[in-house]
Amino acid sequence: MEKLTIDDLQLKDKRVLVRVDFNVPLDKKCEVTDDRRIVESLPTINKILQDGGKLILMSHLGRPKGRTQELSLLPVAKRLEKLLGKPVKFVNDCIGPEVEKAVSGLKSGECLLLENLRFYPEEEKNNPEFAKKLAGLGDIYINDAFGTAHRAHASTEGVTKYIQQCAAGYLMQKELKYLDMALSHPKRPFVAILGGAKISGKIDVIENLMNKVDALLIGGGMSFTFFKSMGKEIGKSLLEPDKIDMAKEILKQAKEKKVNLVLPVDVVVAAGATDDAATKIVGIDNIPPDMQGLDIGPKTLDIFSAELKKAKTVVWNGPMGVFEVKKFATGTIRVAEILAGITQNGATTIVGGGDSAAAVTQAGLEDKLTHISTGGGASLEFLEGKVLPGVAALTDK
Ligand code: AMP
């Protein structure tokens with residue numbers, strides 16, 4: 001890595017300010033329902049505590065409009081305390097006198113979590129004054145929040161202007177290692193499988209990956225805009241009318257570049273995405289006008305499976321259908337199972353966070369794939385070939 005990493009730093013007795021991504025889902029009782037992002041931060045946290053650093057953790061949670069109890073990080077502090085098996089101090093703010101007092105009272109090997117950074121709009125605005133106040137809390141800065149690295153916010157970018165040593169934590173390094181390996185020097189065949197609702201968020205990914213992969217498999221709602229651009233009847237399936245030309249252009253480019261772009265050959269259709277809906281499997285030339293495609297069909301799965309089984313590196317982003325409804329989850333779950341199988345046979349499989357990561361967890365396969373990213377948006381931007389501002393801002397080695 002060209003940037004400083006946590007292993008380059010002397011942590012003992014230092015105030016170590018760490019940006020983590022503790023943006024975890026909470027239920028109505030404000031209990032953490034999925035602690036994967038917290039668990040993934042533990043190697044960095046444990047290293048700092050074991051080395052005798054004074055650990056100050058900061059994160060955002062959700063999208064608060066001002067201060068709100070529902071989006072307090074206090075439940076996260078409690079979950080972290082359980083996972084660590086040692087006390088985690090919590091302070092009701094992220095800047096100001098109370099925070100400064102808590103930080104100055106922190107002993108080496110102790111841990112403090114600050115309140116939700118986004119209670120201040122200055123965080124997302126990358127306000128220099130706010131960033132400076134955050135920076136004043138630490139002697140050194142570590143960014144382990146891969147999931148927020150695509151945003152130039154005060155705690156991810158602004159803060160680095162006021163601290164001399166800014167380094168990547170272990171999770172950040174791990175995320176970058178796998179994604180970079182896939183993009184820069186994948187073992188071939190390299191196959192990307194993309195799905196999800198919309199082409200719009202993934203056009204740049206498709207264009208960037210097209211130059212790198214041996215096969216590009218496309219499923220999910222976004223395949224229908226491609227079909228529409230080919231003049232097919234797609235019934236009531238998801239369509240982005242303003243992206244039809246773009247879809248046509250992508251198909252043309254794929255042909256010119258001789259990219260193996262594979263679209264579904266059959267789909268599961270129904271009148272709507274409900275568990276009691278009557279479904280049938282049809283070829284993509286036979287979608288009834290009053291129905292919508294909600295999952296990939298069995299023939300498509302066979303074709304995708306054959307491509308994936310040849311692969312040595314796979315990147316997956318986006319579900320193959322409306323996987324939140326059991327009836328339409330088969331394609332997505334099967335992809336997760338196929339990836340688990342090829343991982344066992346030595347392939348490197350990388351899941352780009354978000355819904356596909358949720359699907360892998362739903363299938364109980366989170367330990368069977370090589371790497372599941374904690375950052376949906378960040379990994380997409382990385383796959384687009386963009387520089388992540390939170391990474392670029394770290395100190396060069
Ligand atoms: P994205 O955020 O673009 O990755 O989209 C994820 C969403 O796409 C999930 O909520 C899925 O339910 C939805 N999705 C996937 N396939 C379809 C489909 N065929 N029709 C409608 N929605 C879909």
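How many cavities of 30 Å³ or more does the count come to? The count comes to one cavity of 30 Å³ or more. A cavity is defined on a 1 Å grid over the protein atoms alone as a set of points where a 1.4 Å probe fits but cannot get out. A pocket is an open set with protein on both sides within 12 Å along at least five of seven lines, and lining residues have an atom within 4 Å of a point. Grid points are joined across faces, edges and corners, and a volume is the space filled by probe spheres set on the points. The model is predicted: local features need pLDDT of at least 70, side-chain atom pairs count only at pLDDT 80 or more, and totals for chains, interfaces and linings use all residues. Residues are numbered from 1 along each chain as its sequence is written, and side-chain values use heavy atoms, with hydrogens and water left out.

The largest cavity has a volume of about 30 Å³. Its lining consists of Asp21, Arg37, Ser41, Asp144, Ala145, Phe146, Gly147, Leu171 and Thr374. By class, three of these residues are nonpolar, three polar and three charged (Ala, Val, Leu, Ile, Met, Phe, Trp, Tyr, Cys and Pro count as nonpolar, Asp, Glu, Lys and Arg as charged, and the others, Gly among them, as polar).

The largest pocket has a volume of about 660 Å³. It is lined by 29 residues, and Asp21, Asn23, Arg37, Thr374 and Gly376 lie nearest its centre. Two or more lining residues come from each of helix H1 (36-50), helix H12 (354-362) and helix H13 (376-383), where helices (H or I, at least four residues) and strands (E, at least two) are DSSP runs numbered from the N terminus. H12 gives the most, with four residues. The lining divides into five nonpolar, 15 polar and nine charged residues. Domain 1 (6-173) and domain 2 (186-383) each contribute at least three residues to this lining; the domain bounds come from an automatic or database domain assignment.

For the second largest pocket, the volume is about 520 Å³. Of its 18 lining residues, Met1, Leu176, Asp180, Phe382 and Val391 are the closest to the centre. Helix H6 (170-184) and helix H14 (389-392) each supply at least two lining residues, and the largest share, eight residues, comes from H6. Nine residues of this lining are nonpolar, three polar and six charged.

The ligand is surrounded by 15 residues (a residue is near a molecule if one of its heavy atoms lies within 4 Å of it). The closest are Ala197, Lys202, Gly293, Glu324 and Asp355. The shell comprises six nonpolar, five polar and four charged residues. Polar contacts are pairs of N or O atoms within 3.5 Å. In one of them, a ligand oxygen atom is 2.9 Å from a polar backbone atom of alanine 197. A ligand oxygen atom is also 2.9 Å from an N or O atom in the side chain of lysine 202, and a ligand nitrogen atom is 3.0 Å from a polar backbone atom of glycine 221. Taken alone, the ligand exposes 510 Å², of which the protein buries 77%; accessible areas come from the Shrake-Rupley method with a 1.4 Å probe.

Arginine 188 and proline 189 are joined by a cis peptide bond, with omega about 0 degrees.

Note on methods:
A polar contact is a pair of N or O atoms within 3.5 Å; within protein, one must be able to donate a hydrogen and the other to accept it, and residues adjacent in sequence count only if both atoms are side-chain atoms.
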